[in-house]
Amino acid sequence: MKSQKIFAAILIVFILCGSGFFDAGVQAQGVTTTTVLVFDTSSSMQDNDASGIVKLEAAKNAGHKLLEVISAENQAGNSANNQVGVVEFGDSAYVSANPTTDIDAVDRALSALYTSGRTAMPKGLKAALDLFPANPSGKSFIFLLSDGLPNIGLTDQEDEATVRQQVLDLASQAGQRQICVYTIGFGDPASGTIDEAFLRQVAANSGCGSYHNAGNAWELANIYINLRHAATGTTLFTNTGKIMQGQQLDLGTAQVPNNQSMILFTLNWPGSQLDANLRDPSGRVVDSSYPGAHLIVKGTLVSIIIDNPQAGTWGISVRGTSVPEGTTTYNVVLSSRTNPNPPTVTPAVINLPPASPSSGGSGLVIVFVVLAAVGVMVFVMIQARKGPGGQRSPITGVTTPGSLFGLNGMFAGRSIPLRDGFIIGRSSSSTLQLFEDIVSRQHARLRCVNGRWYIQDMRSQSGIFVNGRRTQATVLNRGDRIRIGSTEFEFR
């Protein structure tokens, strides 16, 4: 009889767990970000782009589009707290808007930009960095746009090599503070006014940015919107094309992974009226009554934000509702974000009936089993939050697996699993310690951003070498050979 009561108690616990006795729901959380838009407002930005639009006006319009996307995120009611600031640089640099959640105020500051002077890019980048706290919280970005080459330094020097190095050093400083720098070259690189290799290196020096080129206003607006998606989540679908009056285009599908806190969908077009159609894996069309959906239409941009989306195949289509000119262009992008916080387990209150004189210790047995079940669940959660080797991994999303395979030295033949923020250095506080005088105390950092691994020099004396070339920061590809001091690794 006693064993039957114990079995019954265990069965009750499993039934209660299976019926929602323990509430382990994941609440959708808004991503907190700080973005500083840095605009080149030198005299050359008064020239026309390839489509005949004044470059500065094109830059403003692209910035307005980006602000509409960020505003939609803040309005969605999912605890988002996204701040934006604006810096402009010509002969000098000026803060047009301090980082704020008042997107309308930032929009007004953006509209007031005007052109003058030359290209003091170092001053603009430094002014942007000064807007961030010493240790930024949340995700931090700088979007740096220029249509020319830097020619004025921090103290007004004009030596080209010195000015360029100042920009590169500032980008490295941004990376040290985990601020990603995205660079945008506005214009035709073949004209000689844009040095793409330089702007690409500026982005790489931050350890997590990237370079993009825009030839005209339309391309520039799309870059800003697409960068927002890529910088804050994982881009699952993009499509750009043309659509005619009354035409319905089925653009394809996007695979939304499990355990995503939200998806962000953006449809952007230059004029006319387009409608977006987003269908979940069950075929249901997302509208204002869809659970967890936030639909915001502003001008020529549609934003759809869905909390805790279903995993599976989502369908995407666009309709040309009103296109009086006959044909217009469109840009569609969809991304997802993982929850920045772990699931919270909230045990419900159990109202057990009082034990009868004949029940013996059955009530205590039930309580004991329930407490044991809670303990097991807590243990499982703790283990789930640990990374390889028992190290706690960041709870900021899923990290793409990566490892270093030792080629020589004390780690020869060993595979070392990586996690975001992995530090290599001589200090005992480093994730991987190298006992060489030539190795700095904190020598290199490895980061995983948007599914790509980067390695970044942390101002070491002897530097880091990837495939035999010294670098400040670079993206890593499978098979790359990394040398720090005399120790070599292969990235896998």
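## Packing of helices H2 and H3

In this predicted model, helix H2 (residues 55-75) packs against helix H3 (residues 103-111) at an angle of about 180 degrees, and their axes lie 10 Å apart. Angles over 145 degrees count as roughly antiparallel, so H2 is roughly antiparallel to H3. On the H2 side, the contact is made by Lys60, Gly63, His64, Leu67, Ile70, Ser71 and Asn74. H3 contributes Ile103, Val106, Asp107, Leu110 and Ser111.

Glu57 is also found in helix H2. With a relative accessibility of 36%, this residue counts as partly exposed.

## Packing of helices H5 and H6

Helix H6 (residues 196-205) packs with H5 at an angle of about 30 degrees, with an axis separation of 7 Å. Because angles under 35 degrees count as roughly parallel, H5 is described as roughly parallel to H6. Residues Arg164, Val167, Leu168, Ala171 and Ser172 of H5 meet Phe198, Gln201, Val202 and Asn205 of H6.

## The five-stranded sheet

An open sheet is formed by 5 strands in the order S20-S19-S21-S22-S25, with mixed pairing.

Ile424 stands opposite Ala444 in S21. Helix H5 (residues 160-176) lies across S21 and strand S22 (452-457), and runs at about 115 degrees to S22. H5 therefore has contacts both with these strands and with helix H6.

Helix H7 covers residues 217-232, and its 16 residues should span 22 Å at 1.5 Å a residue. The end C-alpha atoms are 23 Å apart, which agrees with that expectation. At the start of H7, a side-chain oxygen of Asn216 comes to within 3.1 Å of the backbone nitrogen of Trp218.

How many of the 16 residues of H7 are buried? The count is 12, so the helix is largely enclosed by the rest of the structure. The buried set comprises Ala217, Leu220, Ala221, Asn222, Ile223, Tyr224, Ile225, Leu227, Arg228, His229, Ala231 and Thr232.

Terms used: Residues numbered from 1 in each chain as written. Predicted model: local features only at pLDDT ≥ 70, side-chain atom pairs only at ≥ 80, totals over all residues. Heavy atoms only, no water. Helix = DSSP H or I, 4+ residues; strand = E, 2+ residues; numbered from the N terminus. Expected span 1.5 Å × (residues − 1). Buried < 20%, exposed > 50% of the residue type's maximum accessible area, 1.4 Å probe, protein only. Polar contact = N/O pair within 3.5 Å; in protein donor to acceptor, adjacent residues only side chain to side chain. Pairing = 2+ DSSP bridges. Contact = heavy atoms within 4.5 Å. Axes fitted to C-alpha atoms, helices over the stretch in contact; angles between N-to-C directions. Parallel < 35°, antiparallel > 145°, perpendicular 65-115°, else oblique.
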